[in-house]
Amino acid sequence: MWVRIYAVLRKELKQLSRDKMTFGMVIMIPLVQLLLFGYAINTDARHIPTGLVNLSHSSESRALISDLEASQSIDFQQQYSDIHSAQQAIVKGEVRAVLYLPRDFGSRLVQHPNYYSGQKAATQAFTRPVGQWLVDGSDTVITSTIKALQNMPLQSVGNRKVEQAVTSFAVVPFFNPEQRTVVNIVPGLVAVILTMTMILFTSAAIVREREQGNMEFLINTPIRSIELMVGKIIPYVLVGLLQVGIILGIGHWVFSVPLRGGLSSLLLAALLFIFASLTLGLVISTLAKTQLQAMQMTIFILLPSILLSGFMFPYEAMPSLAQWIAECLPATHFMRMIRAIVLRDAMLAELLKDSIWLIAFTLCGLFIASRRFRKKLG
Amino acid sequence: MSQLAIEAKGLSKQFGQQIAVNQLDLSIPKGCIYGFLGPNGCGKSTSIRLLTGLLEATSGEVRILGEPLKGNEESLKRRLGYMTQKFSLYDTLSVKENLQFVASIYGFTGQRARQRIDELLSLYDLTAQSKQYAGSMSGGQKQRLALACATLHSPELLFLDEPTSAVDPENRREFWERLFDLSAAGTSILVSTHYMDEAERCHALAILEKGHKRADGSPQDLMAQLPASVIELSGNALREVKQRLIQHSSVLSAAQVGAYLRVLVKDNQPAPIDFIQRLCPDHQVALTRPNLEDVFVVSTGGRHVG
Ligand SMILES: Nc1ncnc2c1ncn2[C@@H]1O[C@H](COP(=O)(O)OP(=O)(O)OP(=O)(O)O)[C@@H](O)[C@H]1O
Ligand SMILES: [Mg+2]
């Protein structure tokens with residue numbers, strides 16, 4: 001038994017090391033994706049291209065504009081003479097938002113409570129907004145960035161001292177005090193990339209043998225299905241661990257993502273997830289007849305794993321149907337585990353529910369795969 | 001103990017509406033080289049896959065080496081060897097690595113594996129290529145490697161599916177020498193082919209057509225018992241004569257071979273020579289010995305050559 005498993009394993013490693021393209025992908029996928037995602041994904045919008053319709057031409061309006069630009073979230077790129085041409089610019093996509101300051105901006109400003117502070121603000125009876133924002137509302141990130149300006153203090157516009165506003169709540173962001181998106185992205189990326197490579201590699205590795213005719217010889221030998229499967233997946237366990245190392249290593253050194261959790265918890269969680277993904281790949285390999293089909297099925301799993309697992313959007317914000325679907329995906333459980341371990345220094349024992357779920361998934365997958373994988377053709 | 005290597009009764013395989021193998025009966029004695037002769041798509045590969053247990057038969061019974069195939073597929077696998085029609089070893093492994101892999105799969109380890117591999121490398125003349133990737137070898141070398149892998153565990157029964165389709169005549173002779181060596185050592189061999197000269201080397205053969213077995217026996221018997229006469233006709237305008245002859249219901253086929261027309265006349269004509277001479281008075285006509293191709297043409301109803 002062990003002789004045969006070892007024979008398959010050694011053969012698989014040799015083939016993998018000679019397949020330059022696949023071997024390159026093992027390294028390049030995590031590397032490139034990490035650099036891309038790490039630099040590109042940012043949920044706080046900055047430098048939104050913005051247009052301006054300023055009918056007031058007062059020194060106060062200029063002060064407001066420079067205040068807004070100082071926040072760096074807004075970039076006034078275009079001036080428009082009237083509101084119609086500004087709207088058209090949004091339709092054309094020249095700018096994502098437009099600030100409209102009316103002719104009577106100055107008188108609106110002095111009546112506005114945010115222009116004053118303390119007691120005096122409350123006594124002000126008659127107020128109107130000082131201006132209007134037109135926003136390309138199709139992008140919710142941009143909309144919410146602009147919305148955050150709704151209650152912007154206006155004291156500084158009149159060269160008054162800005163009084164520190166008393167907030168209702170104090171917010172203390174744990175684990176990621178600077179609120180960098182990349183801190184959340186990097187551990188999540190481990191889950192996404194492992195989902196992709198682990199499922200794809202195993203399913204393709206087995207389907208390839210069928211496609212190229214090796215299987216016809218192989219199933220005529222005394223090798224057992226379980227020996228073939230175990231021998232096939234062990235090399236990819238190593239590949240998976242290598243990828244975890246690459247992602248977290250670069251995440252740590254390049255993007256200074258903290259690695260707070262214990263290495264053993266991390267390793268165990270990664271192994272649980274790798275095994276779950278590999279068995280999913282095995283199940284796919286018993287369904288797919290060609291490598292292309294295996295690829296399509298992998299994408300079928302991969303997309304919800306990216307979108308629903310909590311990688312992109314918080315799990316809690318999804319409707320309950322989506323949460324149910326997400327619960328079925330190993331990536332969701334691992335996403336929780338690895339973020340907890342890497343960012344919050346959780347122990348595996350505290351993540352028992354997710355661990356048990358992954359183990360159960362693996363066992364189910366192995367059972368289904370070995371039932372479906374029969375040593376027959378056709 | 002049964003003296004039959006393969007025994008099949010009413011073996012059939014249906015793919016959807018299409019019947020690939022239809023009521024095949026076989027009894028192949030141990031130690032012989034048995035051939036499956038037939039055109040493309042006649043069900044040779046499917047029959048072999050049924051007999052090795054790779055495909056599940058729609059109906060029928062098979063006994064391999066005296067044991068019923070059903071239920072014994074796994075234990076029989078150690079006693080069978082199978083060389084697939086398509087090269088089924090690993091292109092990105094070297095010759096030696098392929099052999100090592102197969103050896104470990106069959107449970108050969110250490111010294112025993114090394115010895116057997118060296119033996120096979122020299123037997124199949126692959127020592128010089130032992131480090132070459134299997135994918136970069138020539139058709140003949142690939143075929144020798146495939147045979148080496150299929151016989152590594154010294155099987156009692158060897159299935160070869162069109163083993164020589166990518167091999168030149170010289171290497172084909174060489175290959176058959178190896179098969180006779182194996183046969184002399186007691187291995188039973190079932191080989192499929194669409195070459196007549198190869199079929200002629202078999203101890204016995206079955207002619208398959210569209211899933212049916214049309215004839216079965218040793219090549220000599222099949223030729224001797226041919227229910228038709230073979231007549232060679234020479235002269236002018238052979239193409240035109242041929243068109244005229246095949247109109248006749250007693251003429252099974254007429255095929256041009258060089259300067260001759262080879263005509264098969266059914267046995268319901270008592271005097272075939274006179275019959276042909278009457279039809280073509282200006283040509284030379286002579287009776288000749290039947291060959292295997294004639295057997296093939298007669299048993300497949302004359303539809304394939306002409
Ligand atoms: N898996 C399958 N599904 C459907 N039909 C099949 C399958 N395998 C074979 N067939 C059909 O069964 C018939 C016999 O095929 P088979 O491969 O046994 O022919 P063959 O005698 O080996 O031909 P060749 O000389 O080309 O190898 C063919 O008509 C083929 O289309
Ligand atoms: Mg075939």
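**Entry 1: ligand 1**

I started with the side chain of Ser45(B), where an N or O atom sits 2.6 Å from an oxygen atom of ligand 1. I note here that the model is a predicted one. I then asked how much of ligand 1 the protein covers. The protein covers 67% of the 630 Å² of accessible area that ligand 1 has on its own.

Next I looked up which elements give two or more residues to the shell around ligand 1. They are strand 2 (18-29) and helix 1 of chain B. Helix 1 of chain B gives the most, with three residues.

I looked at the backbone as well. Lys44(B) has a backbone N or O atom 2.8 Å from an oxygen atom of ligand 1. For Gly43(B), I found a polar backbone atom 3.0 Å from an oxygen atom of the ligand. I counted 13 residues around ligand 1, and the nearest are Gln18(B), Gly41(B), Ser45(B), Thr46(B) and Glu162(B).

**Entry 2: the magnesium ion**

Which protein atoms are donors to the magnesium ion (ligand 2)? I found OG of Ser45(B) and OE1 of Gln85(B), at 1.8 to 2.1 Å from the ion. The two residues are 40 residues apart and link distant parts of the chain. Ser45(B) belongs to helix 1 (residues 44-52) of chain B, while Gln85(B) is in the loop between strand 6 (80-83) and helix 3 (95-105).

Ser45(B) counts as buried because its relative accessibility is 15%, under the 20% cut-off. Gln85(B) counts as partly exposed, because its relative accessibility is 39%.

**Entry 3: Thr84(B)**

I stayed in the loop between strand 6 and helix 3 of chain B, where Thr84(B) is found. Its relative accessible area is 6%, so Thr84(B) is buried. I looked for polar partners of the Thr84(B) side chain. One of its polar atoms lies 2.5 Å from the backbone oxygen of Lys86(B). The side chains of Thr84(B) and Ser88(B) are joined by a polar contact of 2.9 Å.

**Entry 4: positive phi**

I looked up two residues other than glycine with a positive phi. Lys210(B) has phi near 50 degrees. I placed Lys210(B) in the loop between strand 9 (204-209) and strand 10 (212-217) of chain B. Lys210(B) counts as exposed because its relative accessibility is 58%.

Ala237(B) also has phi near 50 degrees. Ala237(B) is in the loop between strand 11 (228-234) and helix 9 (238-245) of chain B.

**Entry 5: a surface patch on chain A**

I turned to chain A and looked up a nonpolar surface patch of about 640 Å². The residues that make the patch are Leu292(A), Met295(A), Ile299(A), Leu303(A), Leu307(A), Met312(A) and Phe313(A). I picked out Leu307(A), which lies in helix 12 (residues 291-307) of chain A. Leu307(A) counts as partly exposed because its relative accessibility is 38%.

Methods
Residues numbered from 1 in each chain as written. Chains lettered and ligands numbered in written order. Predicted model: local features only at pLDDT ≥ 70, side-chain atom pairs only at ≥ 80, totals over all residues. Heavy atoms only, no water. Patch = residues over 30% accessible without salt bridge, like charges linked within 9 Å, V, L, I, M, F, W, Y side chains within 5 Å. Areas by Shrake-Rupley, 256 points an atom, 1.4 Å probe, with all protein chains shown as cover. Salt bridge = Lys/Arg side-chain N within 4 Å of Asp/Glu carboxyl O. Helix = DSSP H or I, 4+ residues; strand = E, 2+ residues; numbered from the N terminus. Buried < 20%, exposed > 50% of the residue type's maximum accessible area, 1.4 Å probe, protein only. Donors = N, O, S within 2.8 Å, 3.2 Å for Na, K, Ca; no water. Near = heavy atom within 4 Å. Polar contact = N/O pair within 3.5 Å; in protein donor to acceptor, adjacent residues only side chain to side chain.
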